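User: I'd like to go through a few labels on this one and see what backs them up. Can we take them one by one?

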Amino acid sequence: IPLMEVYAERLRYDIICVLLIIVGCVTISTGIIRNLNHRVKIIENMDTVTDLPNSKLFQEYFANALKKHARKTMTLVMFDIDNFKACNDTLGHLYGNTVLKLTAAYIQSNIGEKGFFSRWGGDEFIGLLFLPLPEAQTWMDKLNKHVREQNADRIPISLSIGLTAVDPAIEFSDLLDQADAALYHAKANGKNRSVIYTPDLS
């Protein structure tokens, strides 16, 4: 074989190897960048007080959950902290933030694969539980009991909770209105309780 042909064959081989390396590096880099962008997005949409997702990220998680868990029975939950303003006014915002953190920490420690929660705003939280209404209500009542016990020696703090069954055919905004109506009913009837939405509450 002439020397030039051997050299040309070797050159082609080297070029192919270099191209394969470049393609591999680009693929890996793209994956790394995509992963980093995803992490940055999550960090940017985390509530700084509770370390829970904010409302924007919750809505994205909710939409994904409807697709991924379409056959599961799900419950949308809204709750807020009773007497939270009095807590802030009497004991200060730092203590109020501590109450928010303790509530979020209990959720994160016990939620497991049962769902996810977000700080919706102020002292209001929202969650999606992969549980039917009765089981979801039991879980939320346990959370309420925990919050009461954590603050038993100071200002009485409890939760008012609204729950509604998730129907994929109903828009998120309408489900939100249902859970909020149940929450309002809990507030109006003495607080420190959970209420399941029924059409007469609208």
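User: Which residue does Glu149 form a salt bridge with, and how far apart are the closest N and O atoms?

Analyst: Quick caveat to start with: this is a predicted model. The partner of Glu149 is Lys145, and their closest N and O atoms are 2.5 Å apart. The cut-off for a salt bridge is 4 Å between a Lys or Arg side-chain nitrogen and an Asp or Glu carboxyl oxygen, so the Glu149–Lys145 pair qualifies.

User: What separates Glu149 and Lys145 along helix α5?

Analyst: About one helical turn, because they're four residues apart in that helix, which covers residues 133-150.

User: Why is Lys145 called partly exposed?

Analyst: Its relative accessible area is 43%.

User: What makes Asp80 and Lys187 a salt bridge?

Analyst: Their closest N and O atoms are 2.9 Å apart, and the limit is 4 Å, so the pair passes.

User: Which parts of the chain does the Asp80–Lys187 pair link?

Analyst: Distant ones: Asp80 is in strand β1 (residues 75-81) and Lys187 is in helix α6, 107 residues apart.

User: And Asp82, what does its side chain do with Lys187?

Analyst: The two side chains meet in a salt bridge, at 2.6 Å from N to O. That pair also links distant parts of the chain, with Asp82 in the loop between β1 and α3 and Lys187 in helix α6, 105 residues apart. Taken together, Asp80, Asp82 and Lys187 are linked in a network of salt bridges.

User: Why is Gln178 called buried?

Analyst: Its relative accessible area is 15%, and the cut-off is under 20%, so the label holds.

User: Where does Gln178 lie, and what does it touch?

Analyst: Gln178 lies in helix α6, residues 172-188. Leaving out residues up to four places away in sequence, Gln178 touches Thr164, Ala165, Ile170 and Tyr197.

How values were computed:
Residues numbered from 1 in each chain as written. Predicted model: local features only at pLDDT ≥ 70, side-chain atom pairs only at ≥ 80, totals over all residues. Heavy atoms only, no water. Helix = DSSP H or I, 4+ residues; strand = E, 2+ residues; numbered from the N terminus. Buried < 20%, exposed > 50% of the residue type's maximum accessible area, 1.4 Å probe, protein only. Contact = heavy atoms within 4.5 Å.
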